[in-house]
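The numbered paragraphs may be read alongside the sequence and the coordinates.

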Amino acid sequence: MASDVNLEDFHGETPYHIMFGPDICGPGTKKVHVIFHYKDRNHMIKKDIRCKDDVFTHLYTLIVNSDNTYEVQIDGEKAESGELEADWDFLPPKKIKDPDAKKPEDWDEREFIDDEDDKKPEDWDKPEHIPDPDAKKPEDWDDEMDGEWEPPMVDNPEYKGEWKPKQKKNPAYKGKWIHPEIENPDYTPDDSLYVYDDIGAIGFDLWQVKSGTIFDDIIVTDSVEEAKVLFHSCIDIFSVLFFLENENGDSLIRSTDFALITAIGINMTETDFTEMREGEKKMKEKQDEEEEKKRKEEEEKKKEEEKDDGEKDEEKDEDEKKK
């Protein structure tokens, strides 16, 4: 966010430069948001980036380059990349349909046409339903009381459906007409889509219905290597990373008040980190085992209840017979 944002009145509608991070909402929404604010509008990425939805800690990284390209990483692995102009609707299209171009009136787009030599057979038309030939009038049917008896209708085995002539290649077929395009007069390229002159604050926009999720350790830097070093020196994996850099390695961050924000962590070696991940894995396996055990116990309990109900029904039947 900009440095002049009112943090005392921070809420979901507070203006921002970039929104980045995972969004999990029910079974249908599990994606990574990458939203840029450009010319008074928030622009969402047009691609679908799936986020992680397990119980482990994950690192989300956004790298914005000075050549107007980007890369999204999850746990250090590339999840998506591309060009800012192509994957967001920052700018109007380079080309538009020529408003003066019209499809010629004699342009035939029909690839196939009816064969005029194909004629409908004389015996083609048959009713779809006919009276059931095997139906018999009930003996107790009273015409005066019940009205005139009519046999029920059944599908006609001789019914062939609506007749349509055979198709043949259209000799006048010219293919699908493609509307000619022209250069869009409203399009102006912008080589500085990646630039944000004033970054002065960071905020969390969170909405949870289930507690337990922790978001922490944010860093904004112009060095990918610096971010990696800080990552390995923290007790937990970073939740969100923003990188803003240009081709000369110069920082694009004009305001330095919040240029680097990170929690003070405990030094952690590669071995420590590996052991931490192994511990999380074992914890997950133990949780799965407990859930499976609970499920089996519930199934056994249900079977016992069904067995008891069956025995009670048998006893009830025996009592009825004795009576």
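1. In this predicted model, the structure holds six aromatic pairs. One of them joins Tyr 38 and Phe 90 in an edge-to-face arrangement, at 5.3 Å centre to centre and with 70° between the planes. Tyr 38 belongs to strand S2, whereas Phe 90 sits in the loop between helix H1 (84–87) and strand S7 (95–97); the pair therefore ties together parts that are 52 residues apart in sequence. Both Tyr 38 and Phe 90 are buried.

2. A further edge-to-face pair is formed by Tyr 70 and Trp 88, with 4.8 Å centre to centre and 80° between the planes. This pair links distant parts of the chain, 18 residues apart: Tyr 70 is in strand S5 (residues 69–74), and Trp 88 is in the loop between H1 and S7. Tyr 70 has a relative accessibility of 2% and so counts as buried. Trp 88 likewise counts as buried, because its relative accessibility is 1%.

3. Which residues do the ring pairs link into a cluster? The members are Phe 36, Tyr 38, Tyr 70, Trp 88, Phe 90 and Tyr 196. The two pairs described above, Tyr 38 with Phe 90 and Tyr 70 with Trp 88, thus have their rings in this cluster.

4. Strand S2 also takes part in an open sheet of three strands, ordered S1-S2-S3 with antiparallel pairing. Strand S1 (18–25) and strand S3 (41–44) are the edge strands, each pairing on one side only. Neighbouring strands of the sheet are turned against each other by 30° on average, direction ignored. In general, strands of a sheet pair through backbone hydrogen bonds.

5. Eight bridges connect S1 and S2 in the antiparallel sense, and Asp 23 has Lys 31 in S2 as its bridge partner. Strand S2 (residues 29–38) is joined to S3 by four bridges, again antiparallel; here Ile 35 is partnered by Met 44 in S3. The hairpin of S1 and S2 has three residues between the strands, and Gly 26 in this hairpin takes a positive phi near 65°.

6. The largest nonpolar core comprises 24 residues, and those with the most contacts inside it are Val 32, Val 34, Phe 36 and Leu 84. At least two residues of this core come from each of S1, S2, strand S4 (60–64) and S5. S2 gives the most, with four residues.

7. Leaving aside neighbours within four places in sequence, Val 34 is in contact with Met 19, Phe 20, His 43, Met 44, Ile 45, Ile 49, Leu 62, Val 72 and Trp 88. Trp 88 from this list is also a member of the aromatic cluster. A second, separate core has five residues, among them Met 1, Tyr 16, Ile 35 and Ala 201. Ile 35 is the residue noted above as the bridge partner of Met 44.

8. How many disulfides does the structure hold? The number is zero. Cys 25 counts as partly exposed because its relative accessibility is 47%. Cys 51, by contrast, has a relative accessible area of 4% and is therefore buried.

Methods:
Residues are numbered from 1 along each chain as its sequence is written. This is a predicted model: local features need pLDDT of at least 70, side-chain atom pairs count only at pLDDT 80 or more; totals for chains, interfaces and linings use all residues. Side-chain values use heavy atoms; hydrogens and water are left out. Two strands pair if DSSP finds at least two bridges between them. Axes are lines fitted to C-alpha atoms, for helices over the stretch in contact, and angles run from 0 to 180 degrees between N-to-C directions. Rings of Phe, Tyr and Trp (its six-membered ring) pair if their centres lie within 6.5 Å; planes under 30 degrees apart count as stacked, over 60 as edge-to-face and the rest as tilted. Buried means under 20% relative accessible area, exposed over 50%, partly exposed in between (1.4 Å probe, protein chains only). A disulfide is a pair of cysteine sulfur atoms within 2.5 Å. A nonpolar core is a set of buried Ala, Val, Leu, Ile, Met, Phe, Trp, Tyr and Cys residues joined through side-chain atoms within 4.5 Å. Contact means heavy atoms within 4.5 Å.
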